[in-house]
Amino acid sequence: MEYLIHILIITGIYIILTLSLNLIVGFTGLAALGHIAFACIAAYTSSLLALNLGISPWIGLLLGAILAAFLGMVIGLPSLRLKGDYLALATFGLGIIVYSIAKNWVSLTRGPMGLPGIPPFSLLGYEISSVWSYLILVLTFVLITYLAIRNITNSPFGRILKGIREDEIATLAMGKDVNKYKLIVFVVGAFFAGIAGSLYAHYIAFIDPSSFTVMESITVLLMVVFGGMGSLKGSIVGASILVVFPELLRFLGMPSSIAAPLRQMIYGLLLIILMVWRPQGLLGRFKFK
Amino acid sequence: MAVLQVQNLVKEFDGIKAVDGIAFGVEKNSICALVGPNGSGKTTVFNLISGYLKPQRGKIFFNGKEITSLSPHKIAKLGIGRTFQNIRLFPQISVLDNVMFGFKYERGDKFFSALFQTRRMKQEEKDNLLKAEGILKFVGLIDKKKELAGNLSHGQRKLLELARILALEPELFLLDEPFAGLFPETKRTMLDLIRKLKERGKTILFIEHDMNLVMSLAEKVIVLNYGKKIAEGEPEEVRNNKEVLNAYLGKK
């Protein structure tokens, strides 16, 4: 049972990541390949604050998300001049930079040795350390993220985002300041990715750079595309399937040396099948041009 | 008074002068045509006026205010709406939402209005929805409001592009070949629409190749050739201009 709850918690964290990336990639059409970098920054921020300065994880969560949002703005600024593939490469580069910093700034992050013993959240004197209570915490944040991104996209503001995805030049011709909207989207997406990062760190109680590789960013992107670009329910479904499905492989009784690469291969295969048969994703309506 | 005043505009691409010292004015509440052979610089002039290109030299004034090199969204907000030669709609968004796009919002299009779904945003959205339906009735696309814009026919897309800038409520309309590829019937609809815009006090500058249409619609014609203005005046006088005949028919 605990194992099942654990899977649900991990799924919830991935849903937050997927929803926030969907805002950037699916709704606004900006090719971003470094999403996990935002989670990484926030995870290290709140962990280090808690470990070194004894700051409450709640404050760490907020500060981490704000720092991630700031990084989102930093990456958003040059991205205003880049389009399509170039933006994808630039954000990919960001992912690598953040990963390398986490790995090599040993005096701060302890590098590959990682940070053990990250304290859990506590509420009114009670530690949120049982899986049940943590599940409730994660689900609360999933709900907040879902509502926030639903509201953002379901509005005149959201319509402008879709316009940027469809035709940037026409959006300008309608008097909309495209750059401003892109920047906001990066900041908001990074903020929620940051929350996911901190939730992960305080749950597992140990982080090291290997949790934040570029491959993780690609996995989250996969979840967005799999569920459907521009579909919030799609993101929930996409993240759930791609987290739960590989776990099922455990019950086939394969040694982990086979199961891990098999997981990657199945991801790849699923994506190929999906792109051929349903390019808009499971629940999406938007197709690539 | 001239709504639009263009002075000595120069735009070079890699040493080739696409626009070479063009100057003209467009009077308030008039219909003015910009004509010329392919590659004569008409669309470049449009792109310069609407801010998509920046001129090397020259100035552009809109209602007496200089707008040279302002960014496109600022120029659109000031009141210059444009359509595109190769139609730029939002294909995977509904026809109605395409029109909704053009409206200027007081606060409704702000991030926090969206995040907290403010009552004000909802009210503005409701008001604009009614206005958008009115515009779709005006151009005759109300039956298609729920369709995706990408599923419309060429003629309907041209009308929708016009509908979309109507929502922007510009004072000056820049229409880049509004009649290109239209069915005779749709052509008449478009013609009527443009005339109605003038009745509503708007100013129109359009690019067109079909001389019959230009003659029947325009009050003033500006002729470009190789990036230079070779004639300007009333349709009749331009039609008999020797240089214009040379440009269009070749020298005898």
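Analyst: Start with helix α9 of chain A, residues 178-204: its 27 residues reach 39 Å from first C-alpha to last, close to the 39 Å expected at 1.5 Å a residue. The expected span is 1.5 Å times one less than the number of residues, and helices are DSSP runs of H or I with at least four residues, numbered from the N terminus. This is a predicted model, in which local features need pLDDT of at least 70, side-chain atom pairs count only at pLDDT 80 or more, and totals for chains, interfaces and linings use all residues. Residues are numbered from 1 along each chain as its sequence is written, with chains lettered from A and ligands numbered from 1 in the order in which they are written.

User: How many residues of α9(A) are buried?

Analyst: 23 of the 27, so α9(A) is largely enclosed by the rest of the structure. Buried means 20 or more other C-beta atoms within 10 Å of a residue's own, with C-beta atoms placed from the backbone.

User: And what follows α9(A)?

Analyst: A:Ala205, with a positive phi near 70 degrees.

User: Changing topic. At what angle do α1(A) and α11(A) cross?

Analyst: Roughly 140 degrees, and the axes of α1 (residues 2-27) and α11 come within 8 Å. Axes are lines fitted to C-alpha atoms over the stretch in contact, and angles run from 0 to 180 degrees between N-to-C directions.

User: What are the contact residues of α1(A) and α11(A) like by class?

Analyst: Ten are nonpolar, six polar and one charged. Nonpolar covers Ala, Val, Leu, Ile, Met, Phe, Trp, Tyr, Cys and Pro, charged covers Asp, Glu, Lys and Arg, and the others, Gly among them, are polar.

User: What about A:Ala170, buried or exposed?

Analyst: A:Ala170 counts as buried, with 22 C-beta neighbours inside 10 Å. A:Ala170 lies in α8 of chain A.

User: What does A:Ala170 touch?

Analyst: Leaving out residues up to four places away in sequence, A:Ala170 touches A:Gly163, B:Arg88, B:Leu89 and B:Phe90.

Notes: Helices (H or I, at least four residues) and strands (E, at least two) are DSSP runs, numbered from the N terminus. A residue is buried if 20 or more other C-beta atoms lie within 10 Å of its own, exposed if 12 or fewer, and partly exposed in between; C-beta atoms are placed from the backbone. Two residues are in contact if their C-beta atoms, placed from the backbone, lie within 7 Å.
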